[in-house]
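Biologist: I am new to reading structures, and I would like to go through this one slowly with you. Could we begin with the terms and then turn to the residues?

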Amino acid sequence: MATEYAYESGLDRRAFLARSGALAFLLTAKPQFSWADDEGFSLATRPQDFDVINRAIIESVQLHLFPDDGDGPSAKDLNAYSYLLWAMEDPDNRADDDRQFVLQGAAWLEDLADTELKRSFLVLSWDEQEAMLARIAKSRAGENWLSLLLYYLIEALTLDPVYGGNPDQIGWRWLEHQPGFPRPVPGKTYLDF
């Protein structure tokens, strides 16, 4: 029996989010992560910053998770990377070590592509990148890493533009969402209190 994917059944991203309750779940329960006890994970270096390489890897993965396929805004449209950088500065996210986990995942993905294919993840074709992401998703650490990136993508889609994602309310318009009132303004966001 062939696997039927949501996009093959006529269900688009927006309908999936609305019907499955995934949006509510993702926004209320940030994934807990761990590299511990995950076979196959090794990382010789611990990246410290979102340098040009890590940025390119993360943006590429975000685009695989929310592609520019005509079915809603892409990760790039949502300004997802800039939002992620903002979110990594949140004290709660820092306490959860999200920053280090996101950076380690990018380094792990690059290390895996180099080890297995002798090329950087960034020069792989779209299909090769998809295959690499599908492979890491089979491990607990890889699934956790992709889940965390998806969590922040959903936030970039749904949070007020004042936080750096959802420019011009593109996510809200796509979801047909009416924001609450009053909306936060710069200098009066939840981080300012």
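Modeller: A polar contact is a pair of N or O atoms within 3.5 Å, where, within protein, one must be able to donate a hydrogen and the other to accept it, and residues adjacent in sequence count only if both atoms are side-chain atoms. The model is predicted, so local features need pLDDT of at least 70 and side-chain atom pairs count only at pLDDT 80 or more, while totals for chains, interfaces and linings use all residues. Residues are numbered from 1 along each chain as its sequence is written, and side-chain values use heavy atoms, with hydrogens and water left out.

Biologist: With the side chain of which residue does the side chain of aspartate 160 make a polar contact?

Modeller: Aspartate 160 sits in the loop between helix H8 (140-158) and helix H9 (170-175), helices being DSSP runs of H or I with at least four residues, and strands runs of E with at least two, numbered from the N terminus. Leaving aside neighbours within four places in sequence, its contacts (heavy atoms within 4.5 Å) are Gly165, Trp172, Arg183 and Pro184. The polar contact of its side chain, at 2.6 Å, is with the side chain of arginine 183.

Biologist: Is aspartate 160 buried or exposed?

Modeller: Buried means under 20% relative accessible area, exposed over 50%, and partly exposed in between, with a 1.4 Å probe and protein chains only. The relative accessibility of aspartate 160 is 8%, and therefore this residue counts as buried.

Biologist: How many residues apart in sequence are the parts that arginine 183 and aspartate 160 tie together?

Modeller: These two residues form a salt bridge, which is a side-chain nitrogen of Lys or Arg within 4 Å of a carboxyl oxygen of Asp or Glu. Arginine 183 lies in the segment after H9, whereas aspartate 160 is in the loop between H8 and H9, so the distance in sequence between the tied parts is 23 residues.

Biologist: Why do the buried residues of H4 lie on the same side of that helix?

Modeller: The buried residues of helix H4 (residues 80-88) are Ala80, Tyr81, Tyr83, Leu84, Ala87 and Met88. In an α-helix there are 3.6 residues a turn, so residues three or four places apart point the same way.

Biologist: How many helices does the protein chain have?

Modeller: Along the sequence the pattern reads α-α-α-α-α-α-α-α-α. The chain has zero strands, and its helices number nine.
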